[in-house]
Amino acid sequence: MSKDKDIVKIFDTTLRDGEQSPGASMNTKEKIEIAKHLQKLGVDIIEAGFAAASDGDFDAIKQITRVVDKSIVCSLARAIDNDIKKAGEALVEAKYKRIHTFIATSPIHMQYKLKMTPDEVIKRAVESVSYAKTFVDDVEFSCEDAGRSEMPFLKEIIDAVINAGAKTINIPDTVGYRLPMEMGEIIKELNEFIDNRATISVHCHNDLGLASANSLFSVLNGARQIECTINGLGERAGNASLEEVVMTMKIRKDIFKNMDTNINTKEIYPASRLIATVTGIEPQPNKAIVGKNAFAHESGIHQDGVLKHKETYEIMRAEDIGLSKNSIVLGKLSGRHAFKDRAEKLGFDLSDEELKSAFERFKKLADRKREIADADIRMIITDETTTIKDFYKLVNLQLADCQDGLATAAATIEFEDNKLTDAAVGDGTIDSVFKVIDRISGYNGVLKDYRVEAVTEGRDALAKVIVKVNFDKETFIGHGLNIDTMIASAKAYIGALNSYLSMKKVK
Ligand code: KIV
Ligand code: ZN
């Protein structure tokens, strides 16, 4: 990257704000895999979680610091000593680390939520930044609800925390209220005030669908860090989406003159698929950049134009985001080398053990499915690298005819090197499958959501089942992949149980 480029840092909060999306909780193994992809994508800062939120969050951040050595790993912390201490402890092993502490600065939040006076808020903010500096040098401070805060107060608190050592000042539009030109004006004024004493960051929510536009207007007015998420995941309507802000800056170089990001845009699509698979939240089909239809041309006039000259209806190429069509389809006769090569092209960096196991699954599938598409391979590998294998593992499942809605399932499940077999009757096949797992494991899950998707087209498509199950009133996601929907369902349910047990083990 040329030295005279003006770099806008990308701060990815998929693992923190993204995980706050309803139903998007991820297990530690999934978070580690995502963090590795984010680093590969070129994200400057990975907000790996909120260390004080739970033992699971703390452990996930700690484990991420062991596999990420290029990006800065960051933990969120309220402006409370215990939160900051936890963040500092979780980050101890990180090569590059940051604590991101925040307190609300809008009149409505200070009065009703914090019940603190503005002076008390400033004092707490300064104490928190100073305390965070005892753990790390790189401290970011956020004025929560800055979008609805008063400018004189913002300046006062920002000045105080910069003097206490904050290097990045984040201006969140927490409730997604501002319009692009308003956000631009706020950042312009703060940029003049801060006068290069700290980096200005923005964190825009999407309640009015303006998060990406607000972030980009902020950049045009002096912000040099954007907080965003893959697929725009996040609290409520989500955050600014990484792919939108990055691709806009790339495509509209005429406006974002001399500015750049460190993102390798060819890793955008693989990262998007990984997040969608792990969270079970698919981007809407018409989602900009990564939606299923983002590069599809349905109308005859458009198709004709694109065939004659691509640029007639396309402002970017699918290859730029890593979405390329491979002409060679893999199948039964494809060897390990071809599989490894395709996995690498799809953005996976597999250890020898992961490759061996994923290849075995590929071979099994190829015995039953003639053509293995990229989507199948992506699924097989994601399933392989993110599935928690400890605890329970499905060995065998047999189903008896379903009569008048009553069905019987018999299963063998491995647990601590023992094979346990039992049978159960349920109201319908799915119920019998989940009941037999409950009987064998001794846990009683409450099913909250159940979805089946076909990975590709055709009758022999792989079935992907996503379940959300409550254990001890907490929700866990499980994924199952198989050409047989019932086996995929059993695997998904066991996956959710394993996630729950791994959480319990951390505690
Ligand atoms: O939206 C928000 O204000 C946040 C802060 C914690 C940065 O997520
Ligand atoms: Zn947020």
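## Ligand contacts

His-203 has a polar side-chain atom 3.1 Å from an oxygen atom of ligand 1; a polar contact is a pair of N or O atoms within 3.5 Å. Asp-17 places a polar side-chain atom 3.1 Å from an oxygen atom of this ligand, and for Arg-16 the distance is 3.0 Å. The residues around ligand 1 (a heavy atom within 4 Å) also include His-100, Glu-144, Asn-170 and His-205.

This is a predicted model, in which local features need pLDDT of at least 70 and side-chain atom pairs pLDDT 80 or more, while totals for chains, interfaces and linings use all residues. Residues are numbered from 1 along each chain, chains are lettered from A and ligands numbered from 1 in the order written, and side-chain values use heavy atoms, without hydrogens and water.

Asp-17, in the loop between β2 and α1, and His-203, in strand β8, are 186 residues apart.

## Helix α13

The buried residues of α13 include Leu-355, Phe-359 and Phe-362. They line one face of the helix, because the buried residues fall within an arc of 125 degrees seen down its axis. The face turned away carries exposed Glu-353, Lys-364, Asp-367 and Arg-368.

Note on methods. Buried < 20%, exposed > 50% of the residue type's maximum accessible area, 1.4 Å probe, protein only. Helix = DSSP H or I, 4+ residues; strand = E, 2+ residues; numbered from the N terminus. Arc of directions from axis to C-beta. Polar contact = N/O pair within 3.5 Å; in protein donor to acceptor, adjacent residues only side chain to side chain.
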